[in-house]
Amino acid sequence: MRRIIAGNWKMNGGPGSVAAYAAALRAALMNARLIVCPPFPLLPGFAAALAGSLVELGAQDCHASSSGAHTGDVSAVLLKEIGASHVILGHSERRANHSESNAVVNGKVEAALAAGLVPIVCVGETEEQRDAGEAEDVVRTQLTHSLPAGFAGVVAYEPVWSIGTGKTPSEADVAAMHGAIRAALVTQFSASGAAIPILYGGSVKPGNAAALLGLPEVGGALVGGASLNAADFLAIAAAAPKD
Ligand code: PEP
C-alpha cells in the first residue's frame, strides 16, 4: 500500500509560501501519497496551484455542523467545495487548546464523512500517561469514542510528548502501539478496520523517516515542523518503503 505522507503546517506559512512549495511537490516523483494541510486561508491558493496534480489537500479542523451561527468556524462542506479532500481532526493541540473531547471529535468526523472528506483522526497519550503504563488504554479509549460507526478514514498515532520536541518513541514502542491500534480497529469495525491506514506522527524528520515508515502497521506519517520545508517533506516521502 502506498504510504500517506501528510504535512500539517499548523499556524504557519502565508500567501507567499504557496507557489514554490506547490511547484516543488508537483515536480517530485513520488510513490507515496502527499497531502498538504495548510491554514484555512491558504487552501484556495493551494487548490489552484496543485490542480491537475496527484498532491492532495487537507484542512486542520472543521465544525460538526454544515452551516449556521458558528463564528470563526469552517464547515466540512465548504472545505470540500474549495478543494480539500482530507481534514485533520482531534489533533492534540486542538484537544488541549480548545478542550475538544472525544465526543466533539466524533461529531466532526461524522460531518467530514458526510461532506465527502477523508478524516485523519489523531490519537495519542501524554508523557505522564505513558510513564504510568496507560498509553494503550488511553489510545483505545480515544478510538472507541472519537470514531463513529462506519468510520472510513485515516488514524494518526501521535504521542503528545513527541510533537514538536524532537523526541520519538522507540521503534518497538511505535510497532507495539500500531499493532494495538490495528487490533482495536478490527474489534471496532470488523473487516473494514483492517484497511484503515494508521499514520505515525511526532518529530518525523528526513533522518528518522525510513526507520519509522518501515515498521509494521505504519501506513505513513503525519509531519508537522518538517513539512514546512518542501525539501524535507519530500525527503520524508522518499524514505517511504515502496511496497
Ligand atoms: C503534528 O503536529 O502533527 C506533528 C507531528 O508535529 P511535529 O512533526 O512537528 O512533531
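**Close-up 1. Helix α9 and helix α10.** In this predicted model, the axes of helix α9 (residues 206-213) and helix α10 (residues 230-238) come within 8 Å and cross at roughly 25°. That angle makes α9 roughly parallel to α10, a term for angles under 35 degrees, with over 145 counting as roughly antiparallel, 65 to 115 as roughly perpendicular and the rest as oblique. Axes are lines fitted to C-alpha atoms, for helices over the stretch in contact, and angles run from 0 to 180 degrees between N-to-C directions. Helices are DSSP runs (H or I, at least four residues), numbered from the N terminus. The crossing of α9 with α10 is right-handed, meaning that the near helix is turned clockwise from the far one by less than a right angle. P206, A209 and L213 of α9 meet D232, A235 and I236 of α10, where contact means heavy atoms within 4.5 Å. By class, this contact of α9 with α10 has 5 nonpolar, no polar and 1 charged residues. Ala, Val, Leu, Ile, Met, Phe, Trp, Tyr, Cys and Pro count as nonpolar, Asp, Glu, Lys and Arg as charged, and the others, Gly among them, as polar.

**Close-up 2. Helix α5 and helix α7.** Helix α5 (residues 102-115) and helix α7 (residues 135-146) have axes that come within 8 Å and cross at roughly 45°. α5 is therefore oblique to α7. The two helices, α5 and α7, cross in a right-handed sense. From α5, N102, A103, V105, N106 and V109 meet T141, Q142, H145 and S146 of α7. The contact of α5 with α7 has 3 nonpolar, 6 polar and no charged residues.

**Close-up 3. Helix α7 and helix α8.** The axes of α7 and helix α8 (residues 171-189) are 10 Å apart, and the helices pack at an angle of about 35°. α7 passes α8 in a right-handed crossing. On the α7 side the contact is made by A135, E136, V139, R140, L143 and T144, and on the α8 side by A176, M177, A180, I181, A184, L185 and Q188. These residues of α7 and α8 divide into 9 nonpolar, 2 polar and 2 charged.

Close-up 4. The ligand is surrounded by 14 residues, of which K10, E158, G164, S203 and G224 are the closest; a residue counts as near if one of its heavy atoms lies within 4 Å. Oxygen atoms of the ligand lie 2.8 Å from a polar side-chain atom of H91 and 2.7 Å from one of E158. A polar backbone atom of G225 is 2.8 Å from an oxygen atom of the ligand. A polar contact is a pair of N or O atoms within 3.5 Å.

**Notes.** Residues are numbered from 1 along each chain as its sequence is written, and side-chain values use heavy atoms, with hydrogens and water left out. In this predicted model, local features need pLDDT of at least 70 and side-chain atom pairs count only at pLDDT 80 or more, while totals for chains, interfaces and linings use all residues.

Definitions and conventions: Polar contact = N/O pair within 3.5 Å; in protein donor to acceptor, adjacent residues only side chain to side chain.
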